[in-house]
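Please open the structure in your viewer and keep the selection tool at hand. The stops below can be taken in order.

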Amino acid sequence: MNALLAIIILTYRESLRKKILLVLVLFCIGLIVSSAFFPVVSPSARIKLVQTWTFQGVTFFGILVAIFLAAVSIPSDIENKRVFLILTKPVTRETIIMGRLIGFILTTALITIIMALVGLGYIRLVALFSPEAQGALEVNQRIKPDKFYFHQSSSAPSLDSLRPIGSPVGATSASLNGLYDTAQEGQELEVALEGEGNNFAAYEFNNLNDYTFLDDVKVEINLKTGEGLGKVSSTILVKVVNPTTKEEATQKLNITYRRTEVAQFDRRLIDKAGDVRIFFYRANPASYIKVGPASVMLLSPQSSFEWNFFKAFGIVFLQIVLVLVFCVTCSSFLSGPVNIFLNMFLYFCGSGMKFLQDSLETMKLTMLEQVKRENLAEVAGQVQRHSDGDIPLWLMQLSDSILSNVLRIIPDFSRFDVWDNLLKGYAINISEYTHLLEYVFIYLAVMLVIGIAAFRLREIK
């Protein structure tokens, strides 16, 4: 234990003395400060811009600090012959690996906290000189509806037509009805409502007394809508109903396709049990709306911006730890420059994992289409002709197999991206990200075993 502690302290002190560390931190701070001087359309947009540059800057430079510190650690010890001095003492190679890793985690934690505090202070400073844009730093918890209901019929529906969970979905030539428990049904469900103006979509929220609301409750609406070819916006009617007293309030809202809008209703429309229903109608029967269980959310004011900010950077730090694990492991059998290049490559590939996975899905669809064409041609007794630009099917299948296996090895850093939630003012629920701890732990265990085994087998001269 004393040997491990000595390696950790040595690593920590050495890291803080490296000039590259100071350079990267100063670059990050300079980037954050300069963001406030970029042209924007409003004070609120300026605060959002500073938030964006702070989050992205601290993340990127935090990763660079991790790579440049850890990637050259053990190779430098070997080149400088210092490892011989360490190994002559009662210190095992496993202790060196573990001590280096923990020391770098402590160093990067300190650097990340410093950069995050500077960024947070600067965000508050910019907001101080823009009092009219204080709303840009509001934090709200998104509340999902408990029930999603839609009705499409030529007859007028009743406000009490919501049926209990588990009732069957009915479909006839005159009507189409559906009730979904959003906790059980898939969020990918999408319903298109058109035709008669009486058709509607409805959302029911229950047990809202567990949340905090102001006098006016905010509703986040994200519908797809339009009024025909080339028209991607339309007017809808939003009706909020108290299920107990039947008191209601209706307002018109102009909705643009795929653009999030926020409406408000009086807090008194939530009954004593904490329930409320929200209905959506089309003002113009010639228009259409596309809705799903996740199209409507209530917003409940939550904790301070500072607490949400640090929760976001706690998740960011997990990916920095993941980078450190790969750097320390690879440093046990690679040279410093090669290790830096490899881990930069892994990070950029892992950050674009969603794009790479989507590309693989596109490739698979292309292969399926080609197989179908060949099968149809074979049935028809024809020879499938390929143009000079066509890629052979066998080559596409080989590429798909190789890329799929490679992507299973590369860590998916897109899992740690909470920037969008922070920028939109959504409260970050730590419980939704606990799976990331398991994800990091699995990589940590596997990579440490590889690193320790490689370092034990390495012949040091």
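**Before you start**

This is a predicted model, in which local features need pLDDT of at least 70 and side-chain atom pairs count only at pLDDT 80 or more, while totals for chains, interfaces and linings use all residues. Residues are numbered from 1 along each chain as its sequence is written, and side-chain values use heavy atoms, with hydrogens and water left out.

**The whole protein**

Show the cartoon first. The protein has 12 helices and 13 strands; these are DSSP runs numbered from the N terminus, with helices (H or I) of at least four residues and strands (E) of at least two. Of the 461 residues, 44% are buried. Here buried means under 20% relative accessible area, exposed means over 50%, and partly exposed is in between (1.4 Å probe, protein chains only).

The accessible surface comes to about 23,900 Å², and 61% of it belongs to carbon and sulfur atoms. Such areas come from the Shrake-Rupley method with a 1.4 Å probe, and for residues only the protein chains shown count as cover.

Contacts are used at several stops, and contact means heavy atoms within 4.5 Å. Among contacts between residues at least 6 apart in sequence, 81% join residues at least 24 apart.

**The nonpolar cores**

In soluble globular proteins, nonpolar side chains tend to be buried together. A nonpolar core is a set of buried Ala, Val, Leu, Ile, Met, Phe, Trp, Tyr and Cys residues joined through side-chain atoms within 4.5 Å. Select Phe305, Phe309, Val323, Phe416 and Phe455: these have the most contacts inside the largest core, which has 81 residues. Helix H7 (residues 305-331) gives the largest share of this core, 17 residues.

Then select Ile143, Val191, Phe213 and Leu253, which are included in a second, separate core of 30 residues.

Return to Phe416. Which residues is Phe416 in contact with, leaving aside its neighbours within four places in sequence? They are Ile315, Leu318, Gln319, Leu322, Leu436, Tyr439 and Val440.

**Leu69**

Select Leu69 in helix H3 (residues 43-70). Leu69 is buried, at 1% relative accessibility. Apart from neighbours within four places in sequence, Leu69 is in contact with Ser15, Lys18, Leu21, Phe104 and Thr107.

**Thr225**

Is Thr225 buried or exposed? At 0% relative accessibility, Thr225 counts as buried.

Show the side chain of Thr225, which makes a polar contact with the side chain of Ser234 at 2.4 Å. A polar contact is a pair of N or O atoms within 3.5 Å; within protein, one must be able to donate a hydrogen and the other to accept it, and residues adjacent in sequence count only if both atoms are side-chain atoms. The side chain of Thr225 also reaches the backbone oxygen of Tyr288, at 2.9 Å.

**Salt bridges**

A salt bridge is a side-chain nitrogen of Lys or Arg within 4 Å of a carboxyl oxygen of Asp or Glu. How many salt bridges does this rule give? The count comes to 12.

- Select Glu138 and Lys218, whose side chains meet in a salt bridge (3.2 Å, N to O). Glu138 lies in the loop between helix H6 (93-128) and strand E1 (140-143) and Lys218 in strand E6 (residues 216-221), so the pair ties together parts that are 80 residues apart in sequence. Glu138 is partly exposed at 39% relative accessibility, and Lys218 is partly exposed at 24%.
- Select Arg277 and Glu204, a salt bridge with its closest N and O atoms 3.1 Å apart. Both Arg277 and Glu204 are buried.
- Select Glu14, Asp77 and Arg100, which are linked in a network of salt bridges.

**A surface patch**

End with Phe333, Phe441, Ile442, Val446 and Ile450, which form a nonpolar patch on the surface with about 470 Å² of accessible area together. Patches are made of residues with over 30% relative accessible area and no salt bridge: like charges are joined within 9 Å, nonpolar side chains (Val, Leu, Ile, Met, Phe, Trp, Tyr) within 5 Å. Ile442 is in helix H12 (residues 434-457) and is partly exposed, with a relative accessible area of 46%.
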